[in-house]
Amino acid sequence: MDKRTFLKNSAILALGGTVATSLPGSLVSAMAKGSAAGETYTLPKLDYAYDALEPHIDAMTMEIHHSKHHAGYTRKFNAALESGGLQETSIKDLFKKASKQPAAIRNNGGGFYNHEVFWKSLSPKGGGTPGGDVGKAIEKNFGSFDKFRELFSKAAATRFGSGWAWLVKTNSGLVVTSTPNQDNPLMDVADQQGYPLLAIDVWEHAYYLKYQNRRTEYIEAFWNVVNWDFVNERFNKAAK
Ligand code: MN
């Protein structure tokens, strides 16, 4: 019996009780779990204060983005899981079959996951150039850090409308890509699939209060707060 069948059977044995969803292969980071009825995922706390990324990302943007936008995705994801009877399916499996999911699962599941990666991609102690294994891999894959930065900034700037730019690890090395809306590279619908190491949110809600239409200024500011320790952790986790 495969893991999914086992989980489903366990759910039946539990007579409808919520079964903790495992995330096999740890392709997806450990997700915060809630315990209230019908609540599978909870809004993760930030590792820093809303004003900690000033002046690069302003406090009001951070507060609204986290406490309203991300909270909304989390709430709607839980509701969609409940109405679809999908609480026992891992988020990784949902993404692998995103093309077959209801839009509410794809959009809000992506919104839940992407923002978690994004908050952790940022740190008030961030910026500079990456060291460690990911620093070496970036130089090997892109020629230099500056070339990678240029490519990533361009992917973020040229993503039409709302979406994300990503650095992902694939079987053939590191790749820069972007996705529309709340899609991500773990989804089967993504042009470039891979394991996300670094994310930038280029929805207008991520920058409009401070930067208005100047998305490229926001992208430039982002580099001052990139949490390279987190990117290194993800890289090493993906390598296993
Ligand atoms: Mn966002």
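Guide: What follows goes through the metal site and then the chain around it. The model is predicted, so local features need pLDDT of at least 70 and side-chain atom pairs count only at pLDDT 80 or more, while totals for chains, interfaces and linings use all residues. Residues are numbered from 1 along each chain as its sequence is written, and side-chain values use heavy atoms, with hydrogens and water left out.

The manganese ion has as its protein donors His65 (NE2), His115 (NE2), Asp201 (OD) and His205 (NE2), at 2.0 to 2.1 Å. Donors here are N, O and S atoms within 2.8 Å of the metal (3.2 Å for Na, K and Ca); water is not among the atoms, so sites may look incomplete. Along the sequence, the donor residues follow the spacing H-x49-H-x85-D-x3-H. Because His65 belongs to helix α2 (residues 59–84) and Asp201 to strand β3 (residues 195–201), this pair ties together parts that are 136 residues apart in sequence. Helices (H or I, at least four residues) and strands (E, at least two) are DSSP runs, numbered from the N terminus.

His65 is buried, with 1% relative accessibility, and Asp201 is buried at 0% relative accessible area. Buried means under 20% relative accessible area (1.4 Å probe, protein chains only).

As for the whole chain, 50% of its 240 residues count as buried. The chain has 9 helices and 3 strands, arranged along the sequence as α-α-α-α-α-α-β-β-β-α-α-α. Of the contacts (heavy atoms within 4.5 Å) between residues at least 6 apart in sequence, 68% join residues at least 24 apart.
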